[in-house]
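Thanks for coming. I will go through one structure today, chain by chain, and then turn to the contact between the chains.

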Amino acid sequence: MLNLSSFVQKAQQLLDPTQGLNLSDPDKNPSKASLFQNQFRLPSSQHPLYEITAELTIPPANATQGDKDRDRGYHYAGKLHLSESFLCFSTTPSSFLQSASTSTSSAFTGQTHGGGPSGNGFTFPLCSIRRVERLHSQNFQFALAISTWNGIQDTPKDKDASKDKPVVKEQRITLQLAGPRVSCERFCDGLKKGLRAGVGNVARLRKVVAECYSEYLLRPEDKKNASPPDAGLGMMFRYPGDPKKLRDRAKMRLWAEYLRDNGRNVTLIRQPTFHKLIRVGLPNRLRGEMWELTSGSIYLRLEHPTLYAETLAKFAGMESLAIDEIEKDLNRSLPEYPGFQSEEGIGRLRRVLTAYSWTNTDVGYCQAMNIVVAALLIYMSEAQAYFLLTTLCDRLVPGYYSTTMYGTLLDQKVFESLVEKTMPILWEHLVRSDVQLSVVSLPWFLSLYVNSMPLVFAFRVLDVFFVEGPKVLFQVGLAILRINGEELLDAADDGAFISVLKSYFARLDESAHPKSENPKLRAVTRFQELMVVAFKEFSGITHSSITELRMKNKDAVLNNIESFAKRTAIRNLGPDSKLLSTEELSALYDRFYGVLYERQQRDLILKQELARRAKSARPRVGDSANNHAEAVEKGRVGLGPSTSLMDYDAFREFLAGLSKWAISDTPATPRRDTFAEADKGFYNSFSRRPDTMLSPWGAGPEPADHEFLQRLFVKWDVDSSAALTLQNVVSGMARIKGKRDIMGTITYFFELHDDDGDGKVDREGILRMSEALLFLSRRGLEGTLSPSNSTLTLNGIDGNSRDDMPEQTVSERFLGSVSAFIRRCFEYADPDHPRYQGAGREERMGEEDQLANPDAFAIGDDEDEDEDEDEDEGEDDLLTMDSPTGSPKVAKKSETVDSQAPPSLRLDSMTTSSSNDPFDRRRVSKAQSERANIALDPSNPLHITLPTFRMVVLADELLEQFFESSFPASFHILEGIGSSSSATPSSTLTTFSNLGIGAGRAVGAAFGGAAPGPQAGGRGLRGVLDNIVTDGMRVAAEVRRRMDEAQKELERNALPGQRGDDDDEEDDEDAPGGVPAAAGKTAGGAYRDPERRSVRSSDRDLLAGLDAEAGDAMVPGTRVGRASADGSAAENGGGAAALPVGTGRVVGVEFDG
Amino acid sequence: MSDLAGAPRPSSSVKLVLLGEAAVGKSSLVLRFVNNDFQENKEPTIGAAFLTQKCNLPTRTIKFEIWDTAGQERFASLAPMYYRNAQAALVVYDLTKPTSLVKAKHWVAELQRQASPGIVIALVGNKLDLTNDSGDGEGTDANDSGDARRVSTEEAKTYAEEESLLFFETSAKSGYNVTEVFTAIANAIPETSLKTARGAGASAAAASRAEEQRVNLNGPRDPNAKEGCAC
């Protein structure tokens, strides 16, 4: 992972130094491939492979009429591009080579400015090329003659017939490649390869092309008996408008001539006449085909001709929200057009919208799509409309119909700023009279003028729109305002404003200059005037200027949408959200979506990098970023539906942003950034540090994986969907943080561990609870704690030797509390068998217990516990025990969590210090612990109930405080953990260094002074032994007989330690000495439970590191020899944890001095 | 505003916005109010539609500038654009569709938090003609297919009272109660918030009138749909 991410980073920097800056701005820095795809409107499967400067020669026969003087045909200089399955030529000077700079690939000229097929040229699917010949030219130039399948499709049947009439004229063009011979050869090789691959698609091409009306149109008269291809509902229900007035016939003739000369549908060559013919309006029957061709949707259809039918078949009979919404609108889509008053028209509309909603479930169905699709269906077949709708949503008006409609809102902002720029006086007026322009203009854009203007005119706008791209919408909109400027300046409110425009649209067919003397001028309609103003006066509105403005406004628009979405989401949260403050809800929302967003980003980028790497293995594949540029921001709320479900990993990451305990102790990847910074604004900060996302957990710390997290997740996942919604998270959090009610929290914690919900937690569950408690506290307790009592007690017990000992840390005490907790749980558990009173099976060393009287602790006796305990079973774990870690401020439990190991198998290591307690109870406690031991016996099933649990918790001040304040307070919803650990760059490291400090201090406290050192050592030793006992108890729970043996062994081992406890001065020797004993003992435990053992062994390295640290910490004042042994352990096994260990060591050395 | 000079009574504009789930009949209510018309297949509103209609009250004339918004969920993020500065809002639900009331409640909450303070909100349950107790005597039709009502008057009314909303059940199809909604809103607009406010005392009277009217309208149903208000 580490390798990959650094590689990825480097690669990114090499590929494009600016990329890091605008990762979130794909529009500003689109990939070469996407520019290429946009320029030629090719499907996203196409990439620019080769390009070469070339001159296109169209022989005179193919040239449009006129200009007879140039008998050698028409020549166009431009660039020839080859992709996987297309050969494209354009006179616009653009380059999509890897080596090309951003400006040469994005500085487009021509009508479309890169937003569509511009200039003169062609876009041939390779399968439409019938033959390529290398020409022998005198001037040593590299020339190719290309003949296409144009019009050939109907000839194979009747080769004889073709001699009767010159039915089909072969389309043959010449291309002269300019450039070094090598590159020409290379291009030709590529072309050859592509052509070979394309052969198989010829049949598919024929099928697709057969649905084009041009094929029928150009067919010789005698063969027209076959029914024409479907050219929309207009063939059945008439096309809107008066054909005579539209001069449909004349247009058709012109087009027929153009197509005859320049190829039809996919083999069409764009010459200047082409653009002119489009500007005057397409003839009805060719309209659908030309829309399909100019928008590029025909290439999608060519790629997957049966997709539409397949989609319908695949989802037949299924239901969805989109379908419900579609049904509501079917009867109200262009209802004035007769075709949509019939079942035929409605049916087509239903099928196209439904199929699309299945194909693109993110968009589904948006009102206005019904109107646009209805318009399309008048001129084209269902399949054609389906693909054109896809092209619209994906490329032409991206984001318009998304669930947040960010594209629509963005373009409104862009439109407003264009108005401000081009018509400042009008803009001023709008602002002054508080008229919101977008309330007027939004429907223009959203429905592509279809329901704003009379249909005939709207279609004329669409004709140009499909060729020239979305800038047309802006040009027309601006022209509308410009033309009506005078009147609009008189309009004082929205109402007047709207009515001016309404009446303007109603009179588009009238003369623009009715009073003019000049009859020609009088003949100019208002619509013609509109087109002239739009494309002449506003010719400065280009694809790139629109793109630029979109970039500029994008963030503001998205932020608006997101704040609205957030407001709505929070308001719609259920009643339990009321338990949290608005700020907390808001922070939860941000964190929830922040995590999801970042995860998606990382996912995407990692995937892209993998794809890129896979690709780069293939030589000569030119593009570096095959990603669809828009996808880069996927996941951002404002861009539409992103996932709103949080899986377990995301949940871990989410918690790691809130709670210290949820951060892994063993980060696999170094952190580069503080989470605090990430918090500032996850969208923005994200873009500035793309590198961090390449680590699996991004900028944040690596989250821990512990059974407790799993339990929490399952608990919050109320509908068992293996994913959390925001509602789940809020409800879950509300239960913990909502009421600040200790009983509630205790109950909650109990329920978390009550797997079957029967109100009982069994032995295993009790151990799990204590593990969870340790897990949660291993980075220290938060909230308000009152240490006073326990300190006193503590001093009380060892008063003689500890007078100068600093007060015991809360964490140390907490460990004691937990061990007492376990003991009490077992003691007060409800057995299913009568309790054993078997006494004196073993001598307990230093266990004191005052629990003789249950009532005593029901009241909540203070800190009576002082047990050191360890549940660890592995020897490594035991070794960790000799690190009496403890920091005054933060806890420092050296618990290690291996994120891979199943938490249930993981043990929490712990060390502790004992607190103490009235001695008079000692005797009792012995008996009690005996009983507890027996309680571990698997043959004595037992459980605790909630009241017992509550009682046990309340019996301990620290536990009580934990549930009252620490636990709820450990979720830092508002400030995150960034602030609490801001002093150090990483909270993980913080913890480790704290650990070191803690250990150092504790040890320093223990060993540094003359008296206290040994004393603490003794304590430590005793703790070790106590832990061993507890550990043994736990193991015994599984095999009682062996347990007994272990106990005996323990006793033997424990004896010296106990003595050491008494003998302060010699303790320092005993302290380390206890370790081997403990190790030996646990080895036995491990032996009994091989499974656990094996899992634990995976943690060994880490543990060794910790051990080393602990060992080092202990060195001061004790034996050097021992310390060095531990140190070497660190070197051997602690490599992964090198940094933390190092930190620990340094601290240890400090104390040394 | 423009006809202030010639009008016998003070005239003022009130910006009113219609909100509610898709296809609950927002546009139809407006169409009924403005043109006293009903269309079975009304094109969905894209973004928003703007219409105006006057409403004559005894003391003044209110010119409603009505913003009829699109109901589809995804258009919701456009709504702030339309309810900006609105003095009144009609939150519409379909009383045959409980989810639409939920959505209506969301809108009410949104308005209360985000719209201009003092906005007059009316909760309107539309499509009364589909229920048995349709006010226009077409109940027999409904009886055949059973009562389509799924939101009880009580439930919605209780909610409206809690939130201090005006409350009506209407039928845009029959016209039942439609004009009354607008009249009640006109009356409920505090005079002080009107652009040409005159005499602060009138507003209290207007408010109490609105209150009366509301009570009346929920009493025995008037079988005859009223022809538009005095416009």
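Two strands count as paired if DSSP finds at least two bridges between them. Helices (H or I, at least four residues) and strands (E, at least two) are DSSP runs, numbered from the N terminus. This is a predicted model, in which local features need pLDDT of at least 70 and side-chain atom pairs count only at pLDDT 80 or more, while totals for chains, interfaces and linings use all residues. Residues are numbered from 1 along each chain as its sequence is written, chains are lettered from A and ligands numbered from 1 in the order in which they are written, and side-chain values use heavy atoms, with hydrogens and water left out.

I start with chain A. It has an open sheet of 8 strands with antiparallel pairing, in the order E5-E6-E7-E1-E2-E3-E4-E8. At the edges are strand E5 (129–135) and strand E8 (269–270) of chain A, each pairing on one side only.

Take strand E7 (residues 172–178) of chain A, which pairs with strand E1 (residues 50–58) of chain A over 5 bridges, antiparallel. Which residue of E7(A) is the bridge partner of A:Ala54? That partner is A:Leu177. Strand E6 (residues 142–148) of chain A is also joined to E7(A), by 6 antiparallel bridges, and there A:Phe142 stands opposite A:Leu177.

Now chain B. Here 6 strands form an open sheet with mixed pairing, ordered E2-E3-E1-E4-E5-E6. Its edge strands are strand E2 (48–56) and strand E6 (166–169) of chain B, each pairing on one side only. On average, neighbouring strands of this sheet are turned by 25° against each other, direction ignored. For angles, axes are lines fitted to C-alpha atoms, for helices over the stretch in contact, and values run from 0 to 180 degrees between N-to-C directions.

Strand E1 (residues 11–20) and strand E4 (residues 88–94) of chain B run parallel, with 5 bridges between them. In E4(B), B:Leu90 is the bridge partner of B:Leu18. Helix H3 (residues 98–114) of chain B packs on the sheet, touching E1, E4 and strand E5 (120–126) of chain B, and its direction makes about 165° with that of E4(B). Contact means heavy atoms within 4.5 Å.

Last, the interface. The contact takes 41 residues from chain A and 34 residues from chain B. About 3200 Å² is buried between the two chains, 56% of it from carbon and sulfur atoms; buried area is the accessible area (1.4 Å probe) that two parts lose on being put together, summed over both.

The rule finds 3 salt bridges across the interface of chain A and chain B, each being a side-chain nitrogen of Lys or Arg within 4 Å of a carboxyl oxygen of Asp or Glu. B:Glu110 forms a salt bridge with A:Arg567, with the closest N and O atoms 2.4 Å apart.
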